Amino acid sequence: QAASAVNSAYGDKEILTSYCGFREPLSHFSGEWQHGWIWKEYNCHPEMIIGGDGLSRYRKHSRYYVARLDQVQALNAFGYTDIHAIGLPIIYMQRPRVERLKGSLLILPTHSLPERNEGWTGEDYHRYLADHVGAFRRVGICLSGPCVAKGYWKALYPLATDVYTGASEQDRNSLMRLAILFSRYEYVTTNDFGSHV
């Protein structure tokens with residue numbers, strides 16, 4: 001079996017180790033695990049589903065773990081042969097024991113990648129949210145590391161009482177941090193569908 005170029009990210013090995021009750025952390029698992037939620041309309045291209053290094057076409061017979069059966073069917077139609085619908089890594093975590101803040105809103109804008117330059121300011125999203133955030137007692141913003149580094153979404157900062165840095169592929173605590181945020185805030189809003197959700 002050809003090895004996948006990306007077989008661990010966002011702490012998925014640690015989550016799997018804990019879920020299975022192993023004493024020692026897994027050093028490796030066979031396959032590439034889809035990391036974030038992808039809507040059904042992305043089933044039009046394999047890389048939109050897998051979301052790894054963009055080279056899965058050279059590894060059509062490698063093992064992939066995806067969230068849903070419709071993704072298995074789509075990838076099979078593209079010639080991929082070893083696809084398993086097991087859900088996303090975050091669902092295998094123990095639910096965080098945190099108190100949900102009544103009347104709270106988490107703003108979760110779409111994220112950039114280090115090699116991209118979208119130039120987002122957040123002004124349009126700010127105009128939309130400004131009419132709604134007054135209904136909430138606490139407002140947080142969760143931004144990706146690349147967005148913070150590039151200064152994206154600065155127009156949203158005045159709306160928030162808390163600003164968080166979200167997931168990083170190399171950070172094994174990423175999904176735990178997001179699970180805590182999703183459990184802590186009563187409502188979440190985003191300006192786009194994507195793997196940041």
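Trainee: Leaving aside its neighbours within four places in sequence, which residues is Trp120 in contact with?

Mentor: Trp120 is in contact with Thr110, His111, Ser112, Cys147, Tyr152 and Trp153. Contact here means heavy atoms within 4.5 Å. Bear in mind that this is a predicted model, where local features need pLDDT of at least 70 and side-chain atom pairs count only at pLDDT 80 or more, while totals for chains, interfaces and linings use all residues. Residues are numbered from 1 along each chain as its sequence is written, and side-chain values use heavy atoms, with hydrogens and water left out.

Trainee: OK, and where does Trp120 lie?

Mentor: In the loop between strand 4 (101-107) and helix 4 (123-130). Helices (H or I, at least four residues) and strands (E, at least two) are DSSP runs, numbered from the N terminus.

Trainee: Is Trp120 buried, exposed or partly exposed?

Mentor: Trp120 is partly exposed, with a relative accessible area of 24%. Buried means under 20% relative accessible area, exposed means over 50%, and partly exposed is in between, using a 1.4 Å probe and protein chains only.

Trainee: Switching to cysteines. How many disulfides does the structure hold?

Mentor: It holds 0 disulfides. A disulfide is counted as a pair of cysteine sulfur atoms within 2.5 Å. Cys147 is in no disulfide, and the nearest cysteine sulfur, that of Cys142, is 9.9 Å away.

Trainee: Which is it for Cys147, buried or exposed?

Mentor: Cys147 is buried, with a relative accessible area of 1%. Cys44, on the other hand, is exposed at 56%.

Trainee: Now helix 1. Which of its residues are buried?

Mentor: In helix 1 (residues 12-20), the buried ones are Asp12, Lys13, Ile15, Leu16 and Thr17. What covers them includes strand 1 (32-33) and helix 6 (174-184). Gly21 follows helix 1, and its phi is positive, near 75°.

Trainee: What about helix 6, which residues are buried there?

Mentor: Ser174, Leu175, Leu178, Ala179, Leu181 and Ser183. Their cover includes helix 1, strand 4, strand 5 (138-143), strand 6 and strand 7 (185-189).

Trainee: Which residues line the second largest pocket?

Mentor: Gly11, Glu14, Ile15, Ser18, Tyr19, Tyr92, Met93, Gln94, Arg172, Asn173 and Met176. Helix 1 gives the most to that lining, with 4 residues. A pocket, on a 1 Å grid over the protein atoms alone, is an open set of points where a 1.4 Å probe fits, with protein on both sides within 12 Å along at least five of seven lines; lining residues have an atom within 4 Å of a point.

Trainee: How much space lies in that second largest pocket?

Mentor: About 220 Å³. That volume is the space filled by probe spheres set on the grid points, which are joined across faces, edges and corners.

Trainee: Which residues does Ser168 touch?

Mentor: Not counting residues up to four places away in sequence, Ser168 touches Tyr10 and Ser174. Ser168 is found in the loop between strand 6 and helix 6, and is partly exposed at 29% relative accessible area.

Trainee: Last one: what's the mean pLDDT of the protein?

Mentor: The mean is 88, and 94% of the residues reach 70 or more. Over residues 1-6 the pLDDT is below 50, and beyond near neighbours in sequence this stretch has 17 contacts in the model. pLDDT is the predictor's confidence in each residue, from 0 to 100.
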